[in-house]
Amino acid sequence: MATFLYRVGRLAFRRRWYVALVWAAVLAAVGLGALKAPGASDDGFSMPGIEAQKAFDLMEQRFPGATADGATARVVFVAPGGEKVTATENKRAVEKAVADLADGPQVASAVDPFQAKAVSKDGSTAYASVTYKVAANDLTDAGKTRLERAIDTARDSGLTVEAGGSAMDDGGGPGGVAEVIGVAIAAVVLLVTFGSLAAAGLPLLTALIGVGVSMATILTLSQALGLSTTTGTLAMMLGLAVGIDYALFVVSRYREERAKGRAPQEAAGLAVGTAGSAVVFAGLTVIIALAGLTVVGIPMLTKMGLAAAGAVVVAVLIALTLVPAFLGFWPNAVLRRRARKTGRIEDEGTRNNGGSRWARFVLRRPLPVLLLGVVGLGALAVPMTALQLGMPGDEAKSTSTTERRAYDALAEAFGPGFNGPLTVVVDAKGDADAKGAADPKGTVDPKRAAETVAQQIGRTEGVVSVSPPRFNQAGDTAVFQIVPSTSPTDEKTKGLVTTIRGERPGVESKTGATFEVTGTTALNIDISDKVQAALIPYLVVVVGLAIVLLLVVFRSLLVPLKAALGFLLSVLASLGVVVLVFQQGHGAGLLGVEQTGPIMSLMPIFLVGIVFGLAMDYEVFLVSRMREAYVHGERPGEAITSGFRHSARVVVAAALIMIAVFAGFIGESDSMIKMIGFGLACAVLFDAFVVRMAIVPAVLALLGDRAWWLPKWLDRLLPNVDVEGEALSSRQEADQEADQGAGQETDPQADPEAGPHPAGTSGREVART
């Protein structure tokens, strides 16, 4: 591996114009494709294998023309203080608004609240339900404009008018501010780390090119693959973070090799051969974690994971090819300013620094450091035991939004359960064995069956009301709604759904018809159950594959196990902090979270997948340098110190950059992106600074030589990928002789005499090394 990547780095350095032109052509091609590609159509949220989804599919089949997942809007009318919406003037304004809504483009129906009896008992509030023929993402600007105009007209009459529902969704997605904040902080961190504008700018430039290629590709394929704006946001988030980090490690190793007296081209080859090997395996762990999301069986999650994995692939390829190519254009620009001026490069890896001093501190007190780190993360993980999963809706939005105000108005006028009705689909098609609802011919009487089901469910504790059944044109399927007494995210509502489904065998035996419970609330409950059931298999697959991968990289049994256990500490602590803020409300106001509630159902498994990949990044980058020093003859303690001397500063910079990028997304209005950004930022903080920088060296110090033990039989079975670059030593002399024979010294960009040299070394001496 190291030898192959060494050749790739040298080739990219030498053929820099070709490499740059190839990436420019790729960016132009996918960019042109993105400009010409049609916008992504929303094919609906699909969740195979759950009851709520089966009921949705049945509704689409039996009620043609009425899309089960079509966009909806619920317009709420509240009379001014002391008045009633049934008053003449107010009623006229409501009816006019409903008529305007019904005439809108793409509208399937708009129900008059006075005809549908959608008026509160005190007469202060009414609502109109608007159903569209298309999904929310397919609504045209004309349709949205008609909805907004009807609302504004009703407001002009003196009514308070708010609206919620999927038709009000603006699509979310990145607004640009988060990315700008993350890039700005990353630039400052890189500048402080490298002390050079060029060295700071190169990782940013290559990362932005990688993100451009990834995002343009996603936009090009969005129509064909049904990718959403959230998919693109995640790919941008991860692509930017790992793109900067991977380039950062290659550039840092290049500077280190230059300080040892290597010629620019040789330094680039060695940087890609060593740091590039770590980049490849770190990227593979991220890709495994993201691609492993397919195990969950949620199409949306699968698309998000695969798109983000694609962005990581692009970041790895750019770090291995475009970064050394740019180093070929400016071989000395990435060095410190003092080195460029004086012509003397100081090898920072040969002197003590903060990393080596910290490593020695841990080596002197490994057990206290280990206990403090484990106990601290364990304490932060405790709130995770109170984790409640759900899908935050309009109740989690800011009170400045019309959706939140509509939610609050309906809850106040009709009760907390009104915002989360359950939909029951009664299938009366087929023969009936029961006599209670069958006609003399033995077939099911659909009307009697639906009425019996509705009456039975209506007597269930926790049900406030049941709407009259509505039949399809064939008359064999009925749909009605149930209003619970509790809010959509209340645990009692989940219990009600379980109770109703538990009563199904008895009801079906009486009626001869079957029924299923669906609706947004039931769908969210089913999603939570499915995600929880998939979490353990997902962990087994992803962690198992990653342990095998790390076993190959480090050729050790204990190091991969220690890495996996450290990851579990990080992810549990980050989930605990998410529960503290988003569920229990501690410090929620500082993040703009106005309403606490259950944690998004997909959050735990999503966080596990991404954090595992990123945690293994730091494990590979940091421990590979320790392994490299150990392989080259250093004692275990010395190897730990060497690894920290060379890598600690860069790992800290990489972690700060990732934290900055992820934290920037906390400012997004989309609650899912906000929660993910916060969770990832906390996870990187815990993993990089507590697990990798404290717990890892403490464990390795306690294990000593045993940390690198591997049974001989397993050593023979495992392929030797040579991440440490042992095979490179024998190739350097041959490649240098070949370069001299080919006249490399005539290239001013690659000539060792054209740039700075190590302290106390002349250009001729460098050429002879």
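Glu 162 is buried, with a relative accessible area of 10%, where buried means under 20% relative accessible area, exposed over 50% and partly exposed in between (1.4 Å probe, protein chains only). This residue forms a salt bridge with Arg 405, the closest N and O atoms being 3.0 Å apart; the term stands for a side-chain nitrogen of Lys or Arg within 4 Å of a carboxyl oxygen of Asp or Glu. Arg 405, at 32% relative accessibility, counts as partly exposed. The pair links distant parts of the chain, with Glu 162 in strand β4 (residues 160-164) and Arg 405 in helix α14 (residues 402-414), 243 residues apart.

The model is predicted, so local features need pLDDT of at least 70 and side-chain atom pairs count only at pLDDT 80 or more, while totals for chains, interfaces and linings use all residues. Residues are numbered from 1 along each chain as its sequence is written, and side-chain values use heavy atoms, leaving out hydrogens and water.

The protein chain has 25 helices and 13 strands; helices (H or I, at least four residues) and strands (E, at least two) are DSSP runs, numbered from the N terminus. Of its 769 residues, 55% count as buried. Contact means heavy atoms within 4.5 Å, and residues 24 or more positions apart account for 79% of the contacts with a separation of 6 or more.

How far can the coordinates be trusted? A guide is pLDDT, the predictor's confidence in each residue, from 0 to 100. The mean pLDDT of the protein chain is 80, and 85% of its residues reach 70 or more. Where pLDDT is low, the predicted coordinates should not be read in detail.

Not counting residues up to four places away in sequence, Phe 582 touches several residues, including Leu 591, Val 593, Ile 599 and Phe 678.

Thr 206, in helix α7 (residues 197-225), is buried, with a relative accessible area of 2%. Leaving aside neighbours within four places in sequence, Thr 206 is in contact with Ala 247, Ile 318, Leu 322, Val 323 and Phe 326. The C-alpha atoms of Thr 206 and Leu 322 are separated by 7.2 Å, although the two residues are 116 apart along the chain.

Back to charged pairs: the whole structure holds 23 salt bridges. Glu 51 and Arg 504 form one of them, with their closest N and O atoms 2.9 Å apart. Glu 51 lies in helix α3 (residues 51-62) and Arg 504 in helix α17 (residues 504-511), so the pair ties together parts that are 453 residues apart in sequence. Arg 62 and Asp 427 also meet in a salt bridge (2.9 Å, N to O), and both residues are buried.
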